[in-house]
Amino acid sequence: MIVATDFAAARTHREGRVGLVPTMGYFHDGHVALMRAARDAVDTVVVSLFVNPLQFGPGEDLRRYPRDLERDAALAAAAGVDVLFAPPAGEMFAALPSTRVSVDALSQTLEGRFRPGHFEGVATVVAKLLAGLGPAVAFFGHKDAQQLAVVRRLVRDLSFPVEIAGVPTVREQDGLALSSRNTYLAPPDRQAATALSRGLFAAADLVATGERDAVALEEAVRAAAAAAPQVDLQYAELADAAETVRLLRLDREAFLAVAAVVGGTRLIDNVRFTPAGDGVVADRGVRLAGPSVLAERSS
């Protein structure tokens, strides 16, 4: 595996069909799942590692965000990555960029209400990576459902010649969605955080019995969160998968999203729903059979 720190060097080592996995590092099994999906689909796998300051708002955890390049490089190499693109800040943005990319229609709902400017930061850095690395396919996790919708609209609106592939959420054995921020959780808060996935799975169970009312599905999430005092729920909403606007009924491809602050750490999660015939298929993600690399590192 080659570690490149500038765009020119990263482009030099590409062959055939190129797949890109954009990340902010401190890899976990969810990142590894993206890398393996890319390895199965393309000739050259490029993983970018850049903690993007543009997507952090005032008071958020930019300085605290976990970083460990040596560890990440070892995990990427083991997953079959060809190029790890780990640019310094000056390579990405010598100064704060005058050019910004904003997908306004999809950036005001859900996360946009709590993190103003976040998706502009995401869209700007993703556009730069797509332009600078020229992948045929870019891989994003379903866990960040709104981000996935924003990137897909960005690619469509600006005619980037790239396919955007979504990869199912990876979860700990107890259902908690993997996130680098899970490392911030103290043990009692770590246990309380499983209320988010329990609520989402309870809503998915309701859908399996025929429930389609958004309020009923959202209430299942709220009830689970209310049972865990450490969980400060910010929202639980059923949203259109492409437009990210709230739905009143589950009558199209959608996701039920949740965000909460648990012991001072902000977490998000979702379950995706896809109509299929007379029913609806719920994508609850993939549970690991054993401890994740994050859990092992925390133990």
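Visitor: Is Glu219 buried, partly exposed or exposed?

Guide: Glu219 is partly exposed, because its relative accessible area is 42% (buried means under 20% relative accessible area, exposed over 50%, and partly exposed in between, with a 1.4 Å probe and protein chains only). The model is a predicted one: local features need pLDDT of at least 70, side-chain atom pairs count only at pLDDT 80 or more, and totals for chains, interfaces and linings use all residues. Residues are numbered from 1 along each chain as its sequence is written, and side-chain values use heavy atoms, with hydrogens and water left out.

Visitor: Which helix holds Glu219?

Guide: Glu219 belongs to helix 11 (residues 214–226). Helices (H or I, at least four residues) and strands (E, at least two) are DSSP runs, numbered from the N terminus.

Visitor: And what separates the C-alpha atoms of Glu219 and Ala202?

Guide: The separation is 9.8 Å, for residues that are 17 residues apart along the chain.

Visitor: Turning to helix packing, how do the axes of helix 7 and helix 8 cross?

Guide: Helix 7 (residues 118–133) and helix 8 (residues 145–158) have axes that come within 10 Å and cross at roughly 50°. Helix 7 is therefore oblique to helix 8. Axes here are lines fitted to C-alpha atoms, for helices over the stretch in contact, and angles run from 0 to 180 degrees between N-to-C directions. Angles under 35 degrees count as roughly parallel, over 145 as roughly antiparallel, 65 to 115 as roughly perpendicular and the rest as oblique.

Visitor: Which residues of helix 7 and helix 8 meet?

Guide: From helix 7, Phe119, Val122, Ala123, Val126, Ala127 and Leu130 meet Gln146, Gln147, Val150, Val151, Leu154 and Val155 of helix 8 (contact means heavy atoms within 4.5 Å). This set divides into 10 nonpolar, 2 polar and no charged residues.

Visitor: Is Leu110 buried or exposed?

Guide: Leu110 is buried, with a relative accessible area of 1%. Its phi is positive, about 45°, although Leu110 is not a glycine. Leu110 sits in the loop between helix 5 (104–107) and helix 6.

Visitor: On aromatics, how many aromatic pairs are there?

Guide: The count comes to 4 aromatic pairs. One of them joins Phe114 and Tyr235, a tilted pair at 5.8 Å centre to centre with 35° between the planes. Rings of Phe, Tyr and Trp (its six-membered ring) pair if their centres lie within 6.5 Å; planes under 30 degrees apart count as stacked, over 60 as edge-to-face and the rest as tilted.

Visitor: Which parts does the Phe114 and Tyr235 pair tie together?

Guide: Phe114 lies in helix 6 (residues 111–114) and Tyr235 in strand 8 (residues 231–240), so the pair ties together parts that are 121 residues apart in sequence. Phe114 is partly exposed at 35% relative accessibility, whereas Tyr235 is buried at 5%.

Visitor: Lastly, what does Ser179 touch?

Guide: Leaving aside residues up to four places away in sequence, Ser179 touches His28, Lys143 and Leu294. Ser179 is in the loop between strand 7 (170–171) and helix 9 (187–192), and it is buried, with a relative accessible area of 11%.

Conventions
Ala, Val, Leu, Ile, Met, Phe, Trp, Tyr, Cys and Pro count as nonpolar, Asp, Glu, Lys and Arg as charged, and the others, Gly among them, as polar.
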